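Please open the model in your viewer and keep a selection panel at hand; the stops below can be taken in order.

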Amino acid sequence: MTTHPDHLQLTTTDSRDSILVEIRGDLDYIGADRLVDEVSGRLSKRAAPSELRLRCAHLGTIDSMGLSALLMIHRLTTAAGVRLHLDDRPAKLERLLDLTGIRSHLMGPGGEGAANPPAPHDNAVSAGPTAPDANT
C-alpha cells in the first residue's frame, strides 16, 4: 500500500481588508478541495474583505481539478464582492491560464485582479486558445 503524502500546504493570513493564502505544493485532485474549503471558510467567517490574494510562487503541479478549484474560488469571490488576485504566478500556471483561456476570467482584462462585483449569475465562459500553440 502506498501512502501519498499531503502534497498541498496552505498558509493563510487574515488582515482587515484582505486574505492571503500561500499555496505550497501540488494543486491537484488530492488538494483542490482543501483550497476551496479554506477560502470558503475564511470568506464565511467574517465580513467580506476587499481582496483575496492567492500566492502561487511555490505552486507545484496543477491539474484540471486545480484549475476547477481556481474557477470555484473566483465564483465565491464574485458572490462576495471580493477582488481575486493570483500573485507570483509561475510560468507553468501562466501557460495553463493561457491555454485554457481563463486568465481574463479569473483576473480581469488587465490580468492583475478582477474587480468582482456581486452578480446573481456567474457568466463563466471558457474559451479555448485562439491560435495553435507553438508547442503543439
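This is a predicted model: local features need pLDDT of at least 70, side-chain atom pairs count only at pLDDT 80 or more; totals for chains, interfaces and linings use all residues.

Of its 28 residues, Leu-35, Leu-52, Leu-54 and Leu-70 touch the most other members. At least two residues of this core come from each of strand 1 (8-14), strand 2, helix 1, strand 3, helix 2, strand 4, helix 3 and helix 4, the helices (H or I, at least four residues) and strands (E, at least two) being DSSP runs numbered from the N terminus.

Residues are numbered from 1 along each chain as its sequence is written, and side-chain values use heavy atoms, with hydrogens and water left out.

Next, centre on Leu-70, which, leaving aside neighbours within four places in sequence, is in contact (heavy atoms within 4.5 Å) with Leu-27, Leu-54, Ile-62, Leu-86, Leu-93 and Leu-106.

Then widen the selection to helix 2, residues 64-80, whose buried residues include Leu-70, Ile-73 and His-74. At its start, a side-chain oxygen of Asp-63 reaches to within 2.9 Å of the backbone nitrogen of Met-65, and just after the helix Gly-81 takes a positive phi of about 70°.

Finally, colour by pLDDT: the chain averages 82, with 75% of the residues scoring at least 70, whereas over residues 115-128 the pLDDT is below 50.

Notes: The expected span of a helix is 1.5 Å times one less than its number of residues. Buried means under 20% relative accessible area, exposed over 50%, partly exposed in between (1.4 Å probe, protein chains only). A polar contact is a pair of N or O atoms within 3.5 Å; within protein, one must be able to donate a hydrogen and the other to accept it, and residues adjacent in sequence count only if both atoms are side-chain atoms. A nonpolar core is a set of buried Ala, Val, Leu, Ile, Met, Phe, Trp, Tyr and Cys residues joined through side-chain atoms within 4.5 Å. pLDDT is the predictor's confidence in each residue, from 0 to 100.
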